[in-house]
Protein chains: 4
Amino acid sequence: MAKRDKPLTYAEHLQLERLLSCQQRQSELHGRPAHDEMLFIVVHQAYELWFKVILFELDRIQDIFSGPRTDDSGLGAAIHGVTRIVEVQKLLIHQLDVLETMTPMDFLDFRDLLVPASGFQSLQFRLIETRLGLRPAERVSFDERPVDARLEPEDRVRLRAAEARPSLRDQIEDWLERTPFIQVSGYDFREVYRQAVVDMLEQDAALVRDNPMLSAAEVDSELASIEVSRQRFDSIFDEARHRALVEEGAWRLSWRALQAALFINLYRSEPVLQLPFRLLSGLMDIDETLTNWRYRHALMVQRMIGRKVGTGGSSGHDYLRRTAELHRIFGDLFALSTFFIPRSRLPGLPDDLRRAMGYSYAQGGAQGGARRDAEGGA
Amino acid sequence: MAKRDKPLTYAEHLQLERLLSCQQRQSELHGRPAHDEMLFIVVHQAYELWFKVILFELDRIQDIFSGPRTDDSGLGAAIHGVTRIVEVQKLLIHQLDVLETMTPMDFLDFRDLLVPASGFQSLQFRLIETRLGLRPAERVSFDERPVDARLEPEDRVRLRAAEARPSLRDQIEDWLERTPFIQVSGYDFREVYRQAVVDMLEQDAALVRDNPMLSAAEVDSELASIEVSRQRFDSIFDEARHRALVEEGAWRLSWRALQAALFINLYRSEPVLQLPFRLLSGLMDIDETLTNWRYRHALMVQRMIGRKVGTGGSSGHDYLRRTAELHRIFGDLFALSTFFIPRSRLPGLPDDLRRAMGYSYAQGGAQGGARRDAEGGA
Amino acid sequence: MAKRDKPLTYAEHLQLERLLSCQQRQSELHGRPAHDEMLFIVVHQAYELWFKVILFELDRIQDIFSGPRTDDSGLGAAIHGVTRIVEVQKLLIHQLDVLETMTPMDFLDFRDLLVPASGFQSLQFRLIETRLGLRPAERVSFDERPVDARLEPEDRVRLRAAEARPSLRDQIEDWLERTPFIQVSGYDFREVYRQAVVDMLEQDAALVRDNPMLSAAEVDSELASIEVSRQRFDSIFDEARHRALVEEGAWRLSWRALQAALFINLYRSEPVLQLPFRLLSGLMDIDETLTNWRYRHALMVQRMIGRKVGTGGSSGHDYLRRTAELHRIFGDLFALSTFFIPRSRLPGLPDDLRRAMGYSYAQGGAQGGARRDAEGGA
Amino acid sequence: MAKRDKPLTYAEHLQLERLLSCQQRQSELHGRPAHDEMLFIVVHQAYELWFKVILFELDRIQDIFSGPRTDDSGLGAAIHGVTRIVEVQKLLIHQLDVLETMTPMDFLDFRDLLVPASGFQSLQFRLIETRLGLRPAERVSFDERPVDARLEPEDRVRLRAAEARPSLRDQIEDWLERTPFIQVSGYDFREVYRQAVVDMLEQDAALVRDNPMLSAAEVDSELASIEVSRQRFDSIFDEARHRALVEEGAWRLSWRALQAALFINLYRSEPVLQLPFRLLSGLMDIDETLTNWRYRHALMVQRMIGRKVGTGGSSGHDYLRRTAELHRIFGDLFALSTFFIPRSRLPGLPDDLRRAMGYSYAQGGAQGGARRDAEGGA
């Protein structure tokens, strides 16, 4: 028990007196109280509280990836944080269901009093986007003005500072580039995988050519389609092609990081890759859930204000829908499944590499290399 | 647009500076920061913000039912408020998913610092229970002390004041008692319905007696079971029996209120009963969702602290589970379905009553009584 | 109890023996069992079962709106059906969470065996879209082929038959056009509302002109923006303008139907408009939830197969995302909020109209017009 | 692409023709079609389909734990299966929301036709309970008859067979007992942990005795409470005490299994314990979600049929609520948090044990024991 002059109360711990005095309706101040402004304020305050939690979790996650090494204990903590962020995001989507109990007519009762205040001005939301990895150049502009033009000057300074630091996407890219295994003595993942893809496509082509049921035109069409597949794989195997795609904005991650992510996905059942695989999945969950929130939010805005401009002068619905489309942080990880091949075609890993990727818990260290599964148990 | 010296900002409207400075971790104050205390604080603050919304909605709903009359426009607004409360409650359940990302070991990092603060001390939660209709005598006691012994003195005063005013359950009881229709010239719902039940059970008994497949023992058993049903209906039809059940705590609503609620359920498709039916359903939703929250909360507490006592000295899980069982507000409405009979056995309403229960929208008032459905349209 | 030779069992009622023998994995048939194909089959079967429920509910709802009149009892039943459909749709979204426990690599284990089978071939889904109101001309084409080119011939015939019947959107349009109230003796909603909008915008303009704080340039800009608003309202008030917008695809509902929908939204608290308002809200819920499902499905497909083509040869993600954007059934109802004005500016209804829109339940019919709320009670 | 005579269609893969012909309403057969029986049938069929998926996942999970060893690759797959089961369970809870769109009166339209069919007769549900670990002796009886008395004879045989095989709980107990680490040369977890607990409680007692603010009576009370804590820990440390508690039904897992589970929870951040910890959490999620489903189902039944007996002659609500209370599979894991102590009091692990519990991925195997985190990367 903590030492205190007097015992802590629930209300003190949560600072309820202050917290519950932060709901001042503009409509009341202006002498025409609108019932639903209370809901409006609270739902947005709840958003901001949860944004604070997300940023707090990002602090810890980014810390874990800030050094040159990330051990498995850190990886576990990072995954835990990512999982929490995803749970919070799901709640944020759910909050829209509550907000939708406000009808457009109810909103009109106080909407004019809020102008020009707008959700555009949420610094914490901009920080989350930035810290995750959204770069200023990637932002959808609005009314031909950069979105942060709407921030208060001191908030803009804080956003700039966040933009100047490595984002989680930057850190994940570094971490992926550091992945051992994909190039170790006598084993080059990219080369081995490229060969497997080539072999697979050649077998497919042979099947087409040898198929007596197909007409010449059909054979040509099928072979052309296989050739398209082959070329598509260049975006993974050919560094120059990758660079060109980065210029076009089709890839963001580095060539080596993409290969490491591919390796982790393909060989995820190896013990040492299970946590890395879960991390990548969790990052995709963050991206997907954020995108879903954006889209649902856009629909709600459309329902609430139709084609009118938003509270901050925005043409709301369209802008929000475009951010769902374009403000993707880990889109590369989604595109990566394009380059998976079936397990039945997947080249096996060299024995010594597989061994190196298992756990070892040799007691006392003397026996070295004794595999854990050789002893049963957890 | 409102007149102001300078334009309103999002941060001012939501008082973000104050709001986001209310998260002070005890663990940090005591020099051993525990990461998850931030989540713990925010989730409880979010609860309290939403409790404020629920109380705000109850203000309006109770206002609507405070007078001697409640017109349909008021009924619509009340249903709207009830629906919103239910949506908020679902969100409160969802918040448990987020809190469960804190493991028991993470909680132990700061749990001792909170003693003796406890959710028991949430005044707003007690007010919600009270305003809905939970009476002090119905409260499950804890450690053989009344629960409100744990409140701060000034909070206890506020709770007492709320207890002294009519609760929503009281108001709904009054409103049900005022329902017209169930006893109008030449029509007495209770008598007509009682007769229908008697007829139905007698037909059932005749079928049993005439069934050549049944042995004498089986006939006796089936007839006994029908007799049990008949007697069960007394708790609705017989005022003395109802009074006795109220004494036992099996019913809470008055005899007349129960009959009105029964009538509304049975004849809910009559135009004039559609909103009353939706209201009763909504009140059951509030009760059911609150009960689900209590149960899920109890399970979470069990997972978090096992058999240890709660942060406020409670043996948490058991107490919470018992409140799920016993702190039911509108349990009577759930029990009521015991007394429904199939539509095929339901006595029809007299024509003039049915007509009186339809909408009339005679244009200009002259034609009187022209039924809306006679003209088609909305 | 029903008369039967032998008692009904749970398994017979649900035909479990047949039902649970419908899960035949292609991967097992081909001698290389893939574990996750079971999940894949069941989730799609669950979709189809729920589609059947949706169609079954649509049968009843469309029946209610098929005649020249829809009384309030029918309206209540229709709203009940719409609410059920929305609940089913939410479940369908939730099913994606379960399907996402299948990783892209797990899907690859059997994906090739399904070609060219594809969700494109779901007749029931096409029927739902069609029965709700999606017209063939509105469908996003795929690979430059109409989507139904992928249906089996007999399914295409059934789809054509559904297209030939009035859709729910058609029926709702008819029902809206039949709405009384918006044009009754001495009251013309459109004219009264148009005048209120003109007055409101003129007052706004006067405030701008009289504001000494604004520069001449600012005044011009504000006045221009008010003029834009004024013109926007023409799409509701001016029949020719409406017709032009229908040609452009910006409106689908008829001029009169839009006005009725507007009236219902603006005056929704009038007793007689409460159910119509709930119906329109429910239809928007169907549209919004379906759109959300489409979008989430598109994201899931992207995650599962990246930029590869879908199981039916589709470039999945893009096509699905476009249907979210363009396959809107009740989009007009969302756009309608553009034309709401605040309640404080809303013209009151004539007394006799308001009276006509209240309930009347004069006992015996003699007293005519006695208002229900004048007697208290439900 | 698979070789077939003709291309596979979506409808063939899913056997839609059969699947969609399994919905035969009894009410239709009896000439009085009840609309909501369709919903009733489909929701129960969806339950049974998902039960099939759960059993299919249990097959694989139980396979993984059936041998004397479970390597990490297997552990990962088991966790994946557990996660999927939990997602399915959440969906099953959600399905109740859909079923609740059926009102009690709607159910009465066909309820009598189903007698005596009842959900009690779901073999798959009984199999899930049994395969997870519910023993016949633990089952709540109903109407003083064992629940499986209601099963068809052939179903009873299948249930008996399942009861005769090791359940998942049995297998998890074995796996926990096999956990290495808790007793290795020179380290005995139980002894070390017991000492830490004793030390902690003694320090607490010293603080109490030395506290000048406390009265003699308060000191006695606090010391008594510390003594209660100390004795409580005996249920973990003292084998005889554990045995006694097993007799009372308070513990089910073996003494050694409990200690292993405790160790995994306390030291979960060690790399080698991360997957075991996730597995235990997942098993608790299964238990908690199943319990929540039971409770919500009980509430729904109460709402639907009040105090009447269930479709199978059950007094539904009470029985179902008791199963929520008593049919807990992994309740021991919930109780375990009672015996956690704060990390700040937790004894460190011996260096060589910690090293043994990290990953090793020495390239080529020669360097033995090089820690992965020493090299950075994934």
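1. In this predicted model, 27 residues from chain B and 27 residues from chain D make up the contact between these two chains. The elements of chain B that give two or more residues to this side are α6 (104-108), α15 (271-305) and α17 (331-335). Of these, α15(B) gives the most, with eleven residues.

2. By class, the side of chain B that touches chain D divides into 13 nonpolar, seven polar and seven charged residues.

3. Chain B also touches chain A: 55 residues of chain B are in contact with 55 residues of chain A. On the chain B side, at least two residues each come from α1 (10-13), α2 (16-19), α4 (37-64), α5 (72-99) and α7 (111-114). Here α4(B) gives the most, with 14 residues.

4. The side of chain B that touches chain A has 28 nonpolar, 18 polar and nine charged residues.

5. How are chains A and B related? Two copies of a chain are related by a rotation about an axis and a shift along it. For this pair, a rotation of 180° with 0.0 Å of shift along its axis superposes chain B on chain A, with an RMSD of 0.0 Å. That is the relation of a two-fold axis.

6. Which surface do the two copies use?

Methods
Residues numbered from 1 in each chain as written. Chains lettered and ligands numbered in written order. Predicted model: local features only at pLDDT ≥ 70, side-chain atom pairs only at ≥ 80, totals over all residues. Contact = placed C-beta atoms within 7 Å. Helix = DSSP H or I, 4+ residues; strand = E, 2+ residues; numbered from the N terminus. Nonpolar A, V, L, I, M, F, W, Y, C, P; charged D, E, K, R; others polar. Least-squares fit on C-alpha atoms with pLDDT ≥ 70 in both.
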